[in-house]
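Subject: Structure handover

Hello,

Here is the structure you asked for. Please open it alongside this message; my notes follow below.

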Amino acid sequence: MANSRTVLILCGDYMEDYEVMVPFQALQAFGVSVHTVCPGKKSGDSCPTAVHDFCGHQTYSESRGHNFTLNATFDEVDLTKYDGLVIPGGRAPEYLSMNASVVDLVKQFSSSGKPIASICHGQLILAAADTVNGRSCTAYATVGPALIAAGAKWVEPVTPDVCVVDGSLITAATYEGHPEFIQLFVKAMGGKITGANKRILFLCGDYMEDYEVKVPFQSLQALGCEVDAVCPEKKAGDRCPTAIHDFEGDQTYSEKPGHTFGLTATFDGVDSSSYDALVIPGGRAPEYLALNQHVLNVVKEFMNSGKPVASICHGQQILAAAGVLKGRKCTAYPAVKLNVVLGGGSWLEPDPIHRCFTDGNLVTGAAWPGHPEFVSQLMLLLGVQGRKCTVYAAVKLNVVLGGGTWLEPDPIHRCFTDGNLVTGAA
């Protein structure tokens, strides 16, 4: 597992939605600090993202994605503080490749020998920075001519999940390659990712939240887990439309169409005994999945067996309908509090919204900003990472060197429990 590493992600307006959020949250779940910057913007500003999907036309479609909030300022970047660079794709690289400050930053990373991981159209920036000359790389197919003109040894992306490594340079064709892309990047930084050959089942439905299925799905794949996604009345190879739920200043979240998500297994005949854990994404799908008795039976089987169950946002509507929350501590999206309480659960306030909780074999989260905690807590139940703890910040180095996984004490009064170990910061 990667510990004590800090990564920079180079963002821009209309970068691809998945290609920024999946590595951003997956790396944090694995113990990596991640800073996100955009030229001309500062920490706290946001970048609109683009949803690129394949809908049967000659090229990909584009629609509006989430608003991605930056957590650092571009003009304050100090390369010496970072162990690696990630460049998402989408349309942002078209204009970022013309920004002299961006090109200079990428050149400095390349000269330092630190790992650079670039995906899809991100390789346009690599070409502008003259970092691909004589090096093997791939990208989204239409970027090929620019890379060849820049002197790259072009590797054709015969499948959308193709990844290529040449020294410290890692390139991928599309977001479908995220699991290997993230694995290779962590390895290049000197980290180690180990799965344990766990099998995870995702309970999907039409208009589940876009991030809440893709981020944990690909994060677990990056760990080496075998992950299946099923949906009632659908089979392997079918797709589910997703919904983008975002917070844009209204009294409740907005909704926009997301990507379509490909199922990997058939719901009918699912054998819960062959899986080690269950994940339930949120969004609008849980409203109707909670009415399906077969779905409720699957949830009961997992909960009664004591296997890990991780549910986020509106997914807890299914847990409540299945009658498995009685006597359990649970959080959810605040609007789902009534379902949790009526279902016999003890409500835990998600303050701040990214807080997640573990009660026995149950992990619950309130919304997609909590994915790093959500995935990390599920990993712990699966036994695929070391012990987690926090201490006064000055003692962080001791924890990391001792093999622990650092948990940031933010706010300072936060404490954590990992099995029989309770730790606090001050």
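A cavity here is a set of grid points where a 1.4 Å probe fits but cannot get out. A volume is the space filled by probe spheres set on the points. On that basis, the largest cavity has a volume of about 60 Å³. Please bear in mind throughout that this is a predicted model.

**Cavities and pocket**

The structure holds four cavities of 30 Å³ or more. Which residues line the largest cavity? They are Glu-16, Glu-19, His-52, Phe-54, Tyr-60, Cys-120, His-121, Tyr-140, Thr-174 and Tyr-175. Sorted by class, that lining has five nonpolar, three polar and two charged residues.

The second largest pocket has a volume of about 200 Å³.

**The three-stranded sheet**

Three strands form an open sheet with mixed pairing, in the order β2-β4-β5. β2 and β5 stand at the edges, and each has a single partner strand, so one side of each lacks a neighbour in the sheet.

β4 covers residues 46-53. Is this strand mostly buried or exposed? Seven of its eight residues are buried. β2 (residues 15-16) pairs with β4 in the parallel sense, over two bridges. Within that pairing, Glu-16 has Ala-50 as its bridge partner in β4.

β4 and β5 (residues 61-69) run antiparallel and are joined by seven bridges. There, Pro-48 stands opposite Asn-67 in β5.

**Asn-361**

Asn-361 sits in the loop between β21 (356-359) and β22 (362-365). Why does Asn-361 count as buried? Its relative accessibility is 12%, and buried means under 20%. The side chain of Asn-361 makes a polar contact with the side chain of Arg-328, at 2.8 Å. Leaving aside neighbours within four places in sequence, Asn-361 is in contact with Phe-302, Met-303, Gly-306, Lys-307, Pro-308, Val-309, Arg-328 and Leu-381.

**Lys-300**

Lys-300 lies in helix α9 (residues 293-305). Its relative accessibility is 31%, so Lys-300 counts as partly exposed. How far apart in space are Lys-300 and Leu-319? The C-alpha to C-alpha distance is 8.5 Å, with the two residues 19 apart in sequence.

Best regards

Key
Residues numbered from 1 in each chain as written. Predicted model: local features only at pLDDT ≥ 70, side-chain atom pairs only at ≥ 80, totals over all residues. Heavy atoms only, no water. Helix = DSSP H or I, 4+ residues; strand = E, 2+ residues; numbered from the N terminus. Buried < 20%, exposed > 50% of the residue type's maximum accessible area, 1.4 Å probe, protein only. Polar contact = N/O pair within 3.5 Å; in protein donor to acceptor, adjacent residues only side chain to side chain. Contact = heavy atoms within 4.5 Å. Pairing = 2+ DSSP bridges. 1 Å grid on protein atoms, 1.4 Å probe; cavity = no way out; pocket = protein on both sides within 12 Å on 5 of 7 lines; lining within 4 Å. Nonpolar A, V, L, I, M, F, W, Y, C, P; charged D, E, K, R; others polar.
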